[in-house]
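Colleague: I am new to this structure and would like a close look at a single part of it. Please take your time over the answer.

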Amino acid sequence: MATVQFSASSFTTRSLPSFEGLRPFTVKVSSITPSREALSQRSYRGLVVKAATVVAPKYTSIKPLGDRVLVKIKIAEETSVGGILLPTSAQTKPQGGEVVAVGEGRTIGKNKVDISVQTGTQVVYSKYAGTEIEHDGAKHLLLKEDDIVGILDTDDVKDMKPLNDRVLIKVAEVEEKTAGGLLLTEATKEKPSIGTVIAVGPGPLDEEGKRKSLSVSPGSTVLYSKYAGNEFKSGEGSDYIALRASDVMAVLS
């Protein structure tokens, strides 16, 4: 418990409204001033800071095991499209990078399944996946292959090639008006959960290590789970979302 120092001050009830049956009296009230010792012992146990694991310079290489992949994280943009310098709090956390090392793959049933990405490939991964590592002066992410959402051959997310059971969807535009014709403000516009399938992955692996094709195909208009997947914005300003095929709830026609 913190220790406190007391300095006396007083007030009198003569300055307060009088009530029948109450006599004026003086009460001394102490102002509380925390001591320096108390401030130095203040605890911040509720504050948790997650930092990257720093690999010592004596280790010159990192070899992922199994189905894990080492990705060199893309540096966050420090300026906006218009050239405005962004504060750290406003910088977009990157969700992509370059594959610099891969594991030997995994065995499913009797079949050996290799990693589906190669070194040098630009990939997009799930937002909260993997373990962050600082190595050779750069930040890396060590994650499982299944946490990789897709491959980027260009700098635009609309050209992404989904992996495994992922689906890339172009989100439908937000309605500007209600059914009755009332203009909606930004605060009242409902986030859509409908979009058009742009690309699909090769499908998940079954118990024998073989691919199972997905039940949705490019060009379909689908209804998907509202809080699923990873959201992106393309260079042209359109909204996209990459999610698992199991998060697609229905095909609309």
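What order do the strands of the open sheet of eight strands have, and with what pairing?

Modeller: This is a predicted model, in which local features need pLDDT of at least 70 and side-chain atom pairs count only at pLDDT 80 or more, while totals for chains, interfaces and linings use all residues. Residues are numbered from 1 along each chain as its sequence is written, and side-chain values use heavy atoms, with hydrogens and water left out.

The eight strands of the open sheet follow the order β3-β9-β10-β4-β5-β8-β11-β12, and their pairing is mixed; strands here are DSSP runs (E, at least two residues) numbered from the N terminus, and two of them pair if DSSP finds at least two bridges between them. At the edges stand β3 (53-54) and β12 (161-162), each of which has a single partner strand, so one side of each is left without a neighbour in the sheet.

Within this order, β5 (residues 96-102) and β8 (residues 122-125) run antiparallel and are joined by three bridges, and here Gly97 of the pair has Val123 in β8 standing opposite.

Turning to other strands, β13 (residues 166-171) pairs with β14 (residues 194-200) in the antiparallel sense over five bridges, where Ile169 has Val197 in β14 as its bridge partner. Strand β14 also pairs with β15 (residues 221-224), again in the antiparallel sense, over three bridges, and in this pairing Gly195 stands opposite Val222 in β15.

Note on methods. Helices (H or I, at least four residues) and strands (E, at least two) are DSSP runs, numbered from the N terminus.
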